[in-house]
Amino acid sequence: MVQVSSSSSSSASVSSPVSSPVSSAVSSAVASSASASASSVRLLVRAVVSAGACAALTALFAGTAAAGVGAPPPVRDEDRAGDHLTVTVRDAGDGRDGTYELSCHPAHGSHPDARGACAALDRDTRWGRDTFAPVPDGTVCTLQYGGPATARVTGIWAGRPVDALYTRGNGCEIARWKRLVPLLPDLG
């Protein structure tokens, strides 16, 4: 805390219970401006204290942002090591039905396009957003039917459990399905 006091004789003094660079700068400025009026000194002290407070707040917020407070953690290799999904497709036709195993980072498993499926998942993964989230309730969707195909995806992705059902009953569900092609078969 910096306190400025003045007497009737245009002198000013600075008292600070804690020594700091800001209080040292204020003391130096006040001492060098002994001939200045008390109001000028008060303005100078306010400016120096404000600048010091701004610098302290900037450092505080910069440290908070660097630490990632409030932000989800980045994807770590140890999170990715457990990425394993089971994809079960029904009523897709043309030999596309079946149950496939998929592991990513590195891509392998019984999925017919393991690399492509992992790339689609990586492309669609955003922290703070569920890659496998259903279409939100109340969403307005086109009345189109994409066929009877269904898919269920279970397992672990980015360190989180997955249990998602995919259908093609309207435009929103079709778009959701297409976002994950080739994890899910391309049905046009």
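This is a predicted model: local features need pLDDT of at least 70, side-chain atom pairs count only at pLDDT 80 or more; totals for chains, interfaces and linings use all residues.
1. In this note, two residues are in contact when heavy atoms of each lie within 4.5 Å.

2. His 111 is placed in the loop between strand β4 and helix α4 (114-124). Is this residue buried or exposed? His 111 counts as buried because its relative accessibility is 8%, and the limit for a buried residue is under 20%. Leaving aside neighbours within four places in sequence, His 111 is in contact with Tyr 100, Glu 101, Leu 102, Ala 117, Pro 182 and Leu 183.

3. The side chain of His 111 reaches the backbone oxygen of Pro 182 at 3.3 Å. A polar atom of that side chain also lies 2.9 Å from the backbone oxygen of Leu 183. Pro 182 and Leu 183 are both among the contacts of His 111 given above.

4. The strands may be considered next. Strand β3 (residues 84-90) pairs with strand β4 (residues 98-103) in the antiparallel sense, over six bridges. Within this pairing, Val 87 of β3 stands opposite Tyr 100 in β4. Strand β3 is also joined to strand β5 (residues 150-157), again antiparallel, by seven bridges. Here Leu 85 stands opposite Gly 155 in β5.

5. Which residues have the most contacts inside the largest nonpolar core? They are Leu 121, Phe 132, Val 153, Tyr 166 and Leu 183, in a core of 24 residues. At least two residues of this core come from each of β3, β4, α4, β5 and β6. Helix α4 provides the largest share, namely four residues. As a general rule, nonpolar side chains in soluble globular proteins tend to be buried together.

6. Phe 132 illustrates how such a core residue is surrounded. Not counting residues up to four places away in sequence, Phe 132 touches Leu 85, Leu 121, Val 153, Trp 157, Val 162, Ala 164, Tyr 166, Arg 176, Leu 180 and Leu 183. Among these, Leu 121, Val 153, Tyr 166 and Leu 183 are also listed with the most contacts inside the core.

7. Helix α5 (residues 171-179) has as its buried residues Gly 171, Cys 172, Glu 173, Ile 174, Arg 176 and Trp 177. These buried residues pack against β5 and β6 (160-166). The N-terminal end of α5 is capped by Asn 170, with a side-chain oxygen 2.9 Å from the backbone nitrogen of Cys 172.

8. Thr 142 belongs to the loop between α4 and β5. This threonine counts as partly exposed because its relative accessibility is 45%. Beyond residues up to four places away in sequence, Thr 142 touches Asn 170 and Gly 171. Thr 142 and Cys 172 are 30 residues apart along the chain, yet their C-alpha atoms are separated by 7.1 Å. The side chain of Thr 142 also makes a polar contact, at 2.7 Å, with the side chain of Gln 144.

9. The mean pLDDT of the protein is 74, and 57% of its residues reach 70 or more. Among the elements, β3 has the highest mean value (98) and strand β1 (residues 3-6) the lowest (40). Over residues 1-27 the pLDDT is below 50, although the model shows 40 contacts for this stretch beyond near neighbours in sequence. The pLDDT also stays under 50 over residues 51-72, where the model has four contacts beyond four places in sequence.

Terms used:
Residues are numbered from 1 along each chain as its sequence is written. Side-chain values use heavy atoms; hydrogens and water are left out. Two strands pair if DSSP finds at least two bridges between them. Buried means under 20% relative accessible area, exposed over 50%, partly exposed in between (1.4 Å probe, protein chains only). A polar contact is a pair of N or O atoms within 3.5 Å; within protein, one must be able to donate a hydrogen and the other to accept it, and residues adjacent in sequence count only if both atoms are side-chain atoms. A nonpolar core is a set of buried Ala, Val, Leu, Ile, Met, Phe, Trp, Tyr and Cys residues joined through side-chain atoms within 4.5 Å. pLDDT is the predictor's confidence in each residue, from 0 to 100.
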